[in-house]
Structure formats: C-alpha cells, structure tokens
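This briefing describes a sheet, the helices beside it and the residues around a ligand. Please keep the sequence and the model open while reading.

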Amino acid sequence: MISLIAAVGENLEIGKDNHLIWHLPNDLKFFYKTTINHKVIMGYNTYLSIGHALSNRTNIVMVDDKKKVTAQDVIAYDNIEEMIAKEIKNDEEVFVIGGASMYKYFYPLANRMYLTLVKASDKDADTFFPEYRKDSWHKKILQENIDNNIAYTFTLFEREK
Ligand SMILES: NC(=O)c1ccc[n+]([C@@H]2O[C@H](COP(=O)([O-])OP(=O)(O)OC[C@H]3O[C@@H](n4cnc5c(N)ncnc54)[C@H](OP(=O)(O)O)[C@@H]3O)[C@@H](O)[C@H]2O)c1
C-alpha cells in the first residue's frame, strides 16, 4: 500500500529553495513515528535537502544517474517502474515522502495521505503538493498542534474512490 506523507500550506505549498517552508518540531516527530521501520521513497532533490539517510527506515531515492548517490545506506533507482515492482508490495505500507515530483507521480496510486495541514501560507514557495479532490477521500483529523505560533493539523485521508 502506498501512502503519501507531507506538510502542506493553505495554498498546497510544500517547499522553497529546496527546503521545507516551516520548522515544526512536533511534525518532524509525527513524521518519524509514522514512517519508522517502513520504506520511504523520495526524489533526489528531497534526498539532497535532507542530506543523509533517514534512520530506522529503508531509504529509496529516485535519481536519473544512480552514480550521484554514493551513500551506502540508500537504495537508488533510475527507473520508477522497476522500483515499484521491486520495492512496493500490497501487504506493506510504504511512504512517499516527497518532493513535488514524487507526490505528483504517486498521487493516483496512493490509498492514504498523511497530510499535516499548516494554517499558514508563503507567497515565495516554489514547490507544491498536487491539487486533490476532497470528495475522493475520507478525511480524519488526528491531532491539532501548534509550534512557533503556527497552527497545524495532522490529518489522515483514506481514498474512497
Ligand atoms: N512539505 C513537505 O512535506 C515536503 C516533503 C518533501 C520535500 N519537500 C520539498 O519539496 C522540494 C523538492 O521537490 P522537487 O519536486 O523539486 O524534487 P524531488 O521530487 O524531491 O526530486 C526530483 C528529482 O528526483 C529525480 N527523479 C524524480 N523522478 C524520477 C524518475 N522517475 N526517474 C529518475 N529520477 C527521478 C530527478 O533527479 P535528477 O534529475 O537530479 O536525477 C528529479 O529532478 C523541496 O523544497 C523540499 O523541501 C517538502
């Protein structure tokens, strides 16, 4: 099963200058707790932005030239169909953790979205989560939060159609 996990602003913004927009420590804890012991799939820009493999998870990076990924604790793929065939099984939850190119590709294939809905916007954002149809998903609010004066909500969307 494929799940997307992202922190998104009011205008679906997710990034700026290849970094996250907001620093939300409790969201990072939620991300860790949700993805621990699972496979996490990311694009090369997100891998560069994080700067290292995420601990206690199998890190899978999509990249055009696998030689660019030298870290031993990361599995690099240059072919997305091959990656899906080898790494994604129906009986395990795998997490697509960004960025925009990965969310866009996997949106039609995902059954779940763990979206941290941030009650803020940033007009300088340059990277966005795909538009999604609200009536295609059952929305469950998991927890309200506030960090650095920014309110946000952990939300689980499960696909209905
Ligand atoms: N708010 C959040 O929750 C969140 C989460 C994650 C990321 N982000 C943000 O999102 C932004 C990055 O997003 P992005 O869309 O620019 O980059 P990305 O999706 O992280 O990476 C895109 C790159 O991945 C490689 N790639 C993607 N699809 C591929 C395929 N099918 N085959 C081979 N290689 C493939 C290519 O790298 P090469 O061409 O270089 O090989 C491509 O340029 C950053 O600002 C980051 O902070 C936000």
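Strand β9 (residues 137-147) pairs with β10 in the antiparallel sense over 10 bridges. Two strands count as paired if DSSP finds at least two bridges between them. Strands (E, at least two residues) and helices (H or I, at least four) are DSSP runs, numbered from the N terminus. The model is predicted: local features need pLDDT of at least 70 and side-chain atom pairs count only at pLDDT 80 or more, while totals for chains, interfaces and linings use all residues. Residues are numbered from 1 along each chain as its sequence is written.

**Strand pairs**

- His-138 stands opposite Glu-158 in β10.
- β9 and β10 form a hairpin with two residues between them. In the turn, Asn-148 has a positive phi of about 45°.
- Strand β7 (residues 112-118) runs antiparallel to β10 (residues 150-159), and seven bridges join the two. Thr-116 stands opposite Phe-154 in β10.
- β1 pairs with strand β6 (residues 94-96) in the parallel sense over three bridges. The bridge partner of Ile-2 in β6 is Val-94.

**The whole sheet**

- Eight strands make an open sheet with mixed pairing, in the order β5-β4-β3-β6-β1-β7-β10-β9.
- β5 (74-77) and β9 are the edge strands, since each pairs on one side only.
- On average, neighbouring strands of this sheet are turned by 20° against each other, direction ignored.

**Helices on the sheet**

- Helix α1 (residues 25-35) packs on the sheet and touches β1, β3, β6, β7, β9 and β10. Contact means that the C-beta atoms of two residues, placed from the backbone, lie within 7 Å.
- The direction of α1 makes about 175° with that of β1. Such angles run from 0 to 180 degrees between N-to-C directions, and the axes are lines fitted to C-alpha atoms, for helices over the stretch in contact.
- Helix α3 (residues 80-87) lies across β3, β4 (58-62), β5 and β6, and runs at about 160° to β4.

**Around the ligand**

- The ligand is surrounded by 26 residues, and the closest are Gly-15, Gly-43, Asn-45, Gly-98 and Gly-99. A residue is near a molecule if its C-beta atom, placed from the backbone, lies within 6 Å of it.
- Two or more residues of this shell come from each of β1 (2-8), β2 (13-15), β3 (39-43), α2 (44-50) and α4 (100-106).
- α2 gives the largest share, four residues.
- By class, the shell has 12 nonpolar, 11 polar and three charged residues. Ala, Val, Leu, Ile, Met, Phe, Trp, Tyr, Cys and Pro count as nonpolar, Asp, Glu, Lys and Arg as charged, and the others, Gly among them, as polar.
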